[in-house]
Amino acid sequence: MRFMGHLDLTRVLPRMLRRAGVEAAFSRGFNPVPRMSFGPALALGVGAREEVVDLDVLLPRSDADMAGLWSDDDRLREALLLRERFAAAAPPGIDILDVRVLVQGERRLGELVAAADYAVDLGPELAAEVAAGLAERLAGPLQVERAGKAKSGRGLKRPMGEATAVDVGAALLHADVDVAAGLLRFRVRLSSDGPGARPREVVQALVGAVVPDHKLVRERLLARSGDELVSLRALGPTFAPKKPRPEAEPVAPDMLA
């Protein structure tokens, strides 16, 4: 699965739903598409152990759910049935770890993802070298150069854009090395404000060399719970704070007449 692109995955999941006999909800408009929401896309070759996706589906009793008639037991029972059906229809390489039927008003995936944990298979020898110099690297500035993209043009050869410096240290939250296992583990902040550091750039800054993408695995996506970062699977229901209702403007006496 690590060699399946993100766009291919967006086509695999609707097929999985059809095989499971679960009807997907579609967007409206001229070109309807299944309503799905994924976590941040991974580069081709990077593996993943704990990914999350929001799927809008139409269940036989969805109308009762929309009317607020489902209990917690109803949601749990439906989630267990869906997990069995999804697991039976999933292609090789996709394991269904958990399914949860959301309550109306819960925050969606795009609002929750705040960070991610990665592991890199370096091997014992390289891991020992990285561990010896990791503290020094973390103490100083961590920057890498990102190559510029070729400018698009119809049939025209255009020069590459200028390389830009990426501040890896601004996105890096934690890093350590398990020498015995030959693994480098790190945690990065995911921001929607602008382009952040890519996992391969973090590895390059910490290791001092380019490591192939297939050596990387995203272990989990994290959400903020108070002052801590927790796995999305352990987060549970999370609701957006209710906005205070605007106070009614006083009505002038002449308007009441």
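These are my notebook entries on what I looked up in this predicted model.

**Entry 1: salt bridges**

I searched the whole structure for salt bridges and found 15. I followed up three of them.

I began with Asp56 and Arg108, whose side chains form a salt bridge with N and O 3.3 Å apart. Asp56 sits in the loop between strand E4 (53–55) and strand E5 (57–58), and Arg108 sits in the loop between helix H3 (72–89) and helix H4 (109–112), so this pair ties together parts that are 52 residues apart in sequence. Asp56 has a relative accessibility of 14%, so I noted Asp56 as buried. Arg108 has 36%, so I noted Arg108 as partly exposed. I also noted that Arg35 belongs with this pair: Arg35, Asp56 and Arg108 are linked in a network of salt bridges.

My next pair was Arg187 and Asp117, which form a salt bridge at 2.6 Å, N to O. Arg187 is in strand E10 (residues 183–189) and Asp117 is in strand E6 (residues 113–121), so the pair ties together parts that are 70 residues apart in sequence. Arg187 is partly exposed, at 25% relative accessible area. Asp117 is at 6%, and I wrote Asp117 down as buried.

My last pair was Asp213 and Arg200, where the closest N and O atoms are 2.5 Å apart in a salt bridge. Arg200 belongs to helix H6 (199–207), while Asp213 lies in the loop between H6 and strand E11 (216–225), so the pair ties together parts that are 13 residues apart in sequence. Asp213 is buried, with a relative accessibility of 16%. Arg200 is partly exposed, with 38%.

**Entry 2: aromatic rings**

How many aromatic pairs does a search of the whole structure find? I found one. Its members are Tyr118 and Phe186; their ring centres are 5.4 Å apart and their planes stand at 10 degrees, so I recorded the pair as stacked. Tyr118 lies in strand E6 and Phe186 in strand E10, so this pair ties together parts that are 68 residues apart in sequence. I checked both residues for burial, and Tyr118 and Phe186 are both buried. I noted that E6 and E10 had already come up with the bridge between Asp117 and Arg187.

**Entry 3: helix H3**

I compared the length of H3 with what its residue count predicts. At 1.5 Å a residue, its 18 residues should span 26 Å, and the end C-alpha atoms are 26 Å apart, which agrees.

Which residues of H3 are buried? I listed Asp74, Arg75, Glu78, Ala79, Leu82, Phe86 and Ala89. These residues cover an arc of only 125 degrees around the axis, which puts them on the same side of H3. I looked at the face turned away from that buried side and found the exposed residues Asp73, Leu76, Glu84 and Ala88 there. I then looked up what the buried residues of H3 pack against, and this is helix H1 (6–20) and helix H2 (62–66).

**Entry 4: helix H5**

I repeated the length check on helix H5 (residues 124–139). Its 16 residues should span 22 Å at 1.5 Å a residue, and its end C-alpha atoms are 23 Å apart, which agrees.

Where does H5 bend? I found the bend at Gly133, and it is about 50 degrees. Ala127, Val130 and Leu134 are buried in H5. The buried residues of H5 pack against strand E9 (172–178), E10 and H6.

**Entry 5: two single residues**

I looked up Arg198, which lies in the loop between E10 and H6. Its relative accessibility is 35%, so I counted Arg198 as partly exposed. I also took the C-alpha distance from Arg198 to Val188, ten residues apart along the chain, and got 9.1 Å.

I looked up Ser231 last, and found Ser231 in strand E12 (residues 228–231). Ser231 has a relative accessibility of 14%; the cut-off for buried is under 20%, so Ser231 counts as buried. Leaving out residues up to four places away in sequence, I listed the residues that Ser231 touches: Glu50, Arg220, Leu221 and Leu222.

Terms used. Residues are numbered from 1 along each chain as its sequence is written. This is a predicted model: local features need pLDDT of at least 70, side-chain atom pairs count only at pLDDT 80 or more; totals for chains, interfaces and linings use all residues. Side-chain values use heavy atoms; hydrogens and water are left out. A salt bridge is a side-chain nitrogen of Lys or Arg within 4 Å of a carboxyl oxygen of Asp or Glu. Helices (H or I, at least four residues) and strands (E, at least two) are DSSP runs, numbered from the N terminus. Buried means under 20% relative accessible area, exposed over 50%, partly exposed in between (1.4 Å probe, protein chains only). The expected span of a helix is 1.5 Å times one less than its number of residues. The bend at a residue is the angle between axes fitted to the seven residues ending there and the seven starting there. Contact means heavy atoms within 4.5 Å. Rings of Phe, Tyr and Trp (its six-membered ring) pair if their centres lie within 6.5 Å; planes under 30 degrees apart count as stacked, over 60 as edge-to-face and the rest as tilted. The arc is that of the directions from the helix axis to the C-beta atoms.
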